[in-house]
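Student: I'm new to this one. Could you show me how to read a few features in it?

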Amino acid sequence: MAYKKIEQFDEKTTSELMKNYRSAIELLGEDPDREGLQKTPERIAKAMQFFTQGYNIDATEILNSAKFHEVVSEMIVVKDIELYSMCEHHMLPFFGKAHIAYIPDGTIVGLSKIPRVVDAFSRRLQVQERLTIEIRDCIQNTLKPKGVAVVLECSHMCMQMRGVQKQNSVTTTSAFTGLFLNNDATRKEFINLVQAKLN
Ligand SMILES: [Zn+2]
């Protein structure tokens, strides 16, 4: 059988959210019974649960499930990780890319787990600054490497749609530990690797 996408939603949560979104649509001056909007409360209820699924994901457990002892002391970089989150002040999306590196101290992790850690923390109501630090601390505390570097570059719909700042502005946040914090050459190497375009 071909790949089948399975989505599960809590029924009680979904129906409570639907009531609230129906009421919100009405309060905003729309008719929730007109054809195009009839299923909208349900769609929003499910979409919002998808966007906040990170509350049910244990990022530490994800890393612990794929740890390997390996004598590697070179920097490991995973860059251009797609990231979608929700600003906790406006509940509007912010999205962009995460660039993450760590220098192992005897323990490495399956590479695919790093983007899943990003998902676990970004699929919540967030601010970009805290998201950056939560990703860093999770990797640092679980793998105990010689250093972790996290850089996030995101566009915030709450800024762009509300015209607070220039369109297309990108917010960059970073958080470092260990060698990335204490060693300029290490940090520069990371920045160079993130900026490098290999064509
Ligand atoms: Zn906002």
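Student: Which residue forms a salt bridge with arginine 34?

Tutor: The general idea: side chains of opposite charge can pair when their charged atoms come close. Keep in mind that this is a predicted model. Here, the partner of arginine 34 is glutamate 30, and their closest N and O atoms are 2.8 Å apart. Arginine 34 is partly exposed at 40% relative accessibility, and glutamate 30 is partly exposed too, at 35%.

Student: Where do lysine 46 and glutamate 42 sit relative to each other?

Tutor: Both belong to helix 2 (residues 40-51), and because they are 4 residues apart there, about one helical turn separates them.

Student: How many salt bridges does the count come to?

Tutor: It comes to 9. There's also a network of salt bridges linking Glu88, Arg130 and Glu134.

Student: Now the metal. Which protein donors does the zinc ion have?

Tutor: Look for Cys87 (SG), His90 (ND1) and Cys158 (SG), which lie 2.1 to 2.3 Å from the zinc ion. Along the chain, the donors follow the spacing C-x2-H-x67-C.

Student: Is cysteine 87 buried or exposed?

Tutor: Cysteine 87 counts as buried because its relative accessibility is 5%, under the 20% cut-off. Histidine 90, with 34%, is partly exposed.

How values were computed
Residues numbered from 1 in each chain as written. Predicted model: local features only at pLDDT ≥ 70, side-chain atom pairs only at ≥ 80, totals over all residues. Heavy atoms only, no water. Donors = N, O, S within 2.8 Å, 3.2 Å for Na, K, Ca; no water. Buried < 20%, exposed > 50% of the residue type's maximum accessible area, 1.4 Å probe, protein only. Salt bridge = Lys/Arg side-chain N within 4 Å of Asp/Glu carboxyl O. Helix = DSSP H or I, 4+ residues; strand = E, 2+ residues; numbered from the N terminus.
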